[in-house]
Structure formats: structure tokens, C-alpha cells
Amino acid sequence: MGERYENQEGDTYLEQSQSLTHDRFEGELYPRLPYGLEAFRNPVESDHKPCPHCGAVKGQLHEPLCDYEECPACGLQVMSCDCGIFTEDAVPA
Ligand SMILES: [Zn+2]
Ligand SMILES: [Zn+2]
């Protein structure tokens with residue numbers, strides 16, 4: 001928990017995640033939901049503080065499979081839904 005990965009340019013994993021705009025699911029691409037648009041939790045929190053898990057601010061994409069990311073295919077929490085989306089399914093459009 002709380003680990004941060006940096007590439008050679010020093011970008012954090014969260015910054016790199018901003019280019020992973022879609023989730024691949026059953027051969028189709030679904031646009032990932034930025035922090036603040038989740039339907040499964042109270043979105044008001046995003047007005048006041050960053051995502052408690054990955055640190056995304058409102059309007060930023062979560063790190064792939066963040067605890068607070070919404071599954072773009074079914075609308076549930078991506079960690080606990082049955083779609084089977086993995087971090088490697090988060091891809092650039
Ligand atoms: Zn997050
Ligand atoms: Zn799902």
C-alpha cells in the first residue's frame with residue numbers, strides 16, 4: 001500500500017495512468033471513469049480531497065484497478081465486480 005512507481009522521467013504511476021484511458025473488456029474498449037464520477041460511492045468527497053487510495057484528484061483517472069475506481073463495463077467497483085478486468089487491461093485509446 002502507498003507504493004509509488006516511477007519511470008526514468010520520474011513520472012509517478014498515477015501520472016502514467018492518465019494515458020491509460022480505456023479498459024479492454026471482451027474485445028472492446030470502455031472509457032475509464034475519472035475520480036468524481038463514480039456512481040457506487042458518494043461523489044461529494046472528490047470535491048474536498050483526493051482519492052484515498054491512489055491520490056487522483058477530481059477529474060483525474062485513477063490508477064488502474066484502484067479500490068475506488070468504477071468498472072466501466074458494469075458500473076460496480078472494479079475491484080469487486082465479476083468482469084475480470086486487470087491492470088494490464090488498462091490501455092491507451
Ligand atoms: Zn483512486
Ligand atoms: Zn465490472
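Strand S1 (residues 22–25) pairs with S2 in the antiparallel sense over 4 bridges. Two strands count as paired if DSSP finds at least two bridges between them. Strands (E, at least two residues) and helices (H or I, at least four) are DSSP runs, numbered from the N terminus. The model is predicted: local features need pLDDT of at least 70, side-chain atom pairs count only at pLDDT 80 or more, and totals for chains, interfaces and linings use all residues. Residues are numbered from 1 along each chain as its sequence is written, while chains are lettered from A and ligands numbered from 1 in the order in which they are written.

Within this pairing, His-22 stands opposite Pro-31 in S2. Phe-25 has Glu-28 of S2 as its bridge partner. Strands of a sheet pair through backbone hydrogen bonds, either parallel or antiparallel.

The hairpin of S1 and S2 has 2 residues between the strands. Glu-26 lies in this loop. Its phi is positive, about 50°, although Glu-26 is not a glycine. Most residues other than glycine have a negative phi. Glu-26 counts as exposed because 9 other C-beta atoms lie within 10 Å. The cut-offs for this term are as follows: a residue is buried if 20 or more other C-beta atoms lie within 10 Å of its own, exposed if 12 or fewer, and partly exposed in between, with C-beta atoms placed from the backbone.

The loop between H2 and S3 holds Leu-65. Leu-65 also has a positive phi, near 65°, and is a residue other than glycine. With 18 C-beta neighbours inside 10 Å, Leu-65 is partly exposed. Gly-84 is found in the loop between helix H2 (45–48) and S3. Gly-84 has 10 C-beta neighbours inside 10 Å, so it counts as exposed. Gly-84 and Pro-43 are 41 residues apart in sequence; from C-alpha to C-alpha they are 24 Å apart in space.

The largest nonpolar core has 8 residues: Leu-14, Tyr-35, Cys-51, Cys-54, Ala-56, Leu-61, Cys-66 and Tyr-68. Such a core is a set of buried Ala, Val, Leu, Ile, Met, Phe, Trp, Tyr and Cys residues joined through C-beta atoms within 7 Å. Neighbours within four places in sequence aside, Cys-54 is in contact with Leu-14, His-62, Glu-63 and Cys-66. Contact here requires C-beta atoms, placed from the backbone, to lie within 7 Å.

Definitions and conventions:
Contact = placed C-beta atoms within 7 Å.
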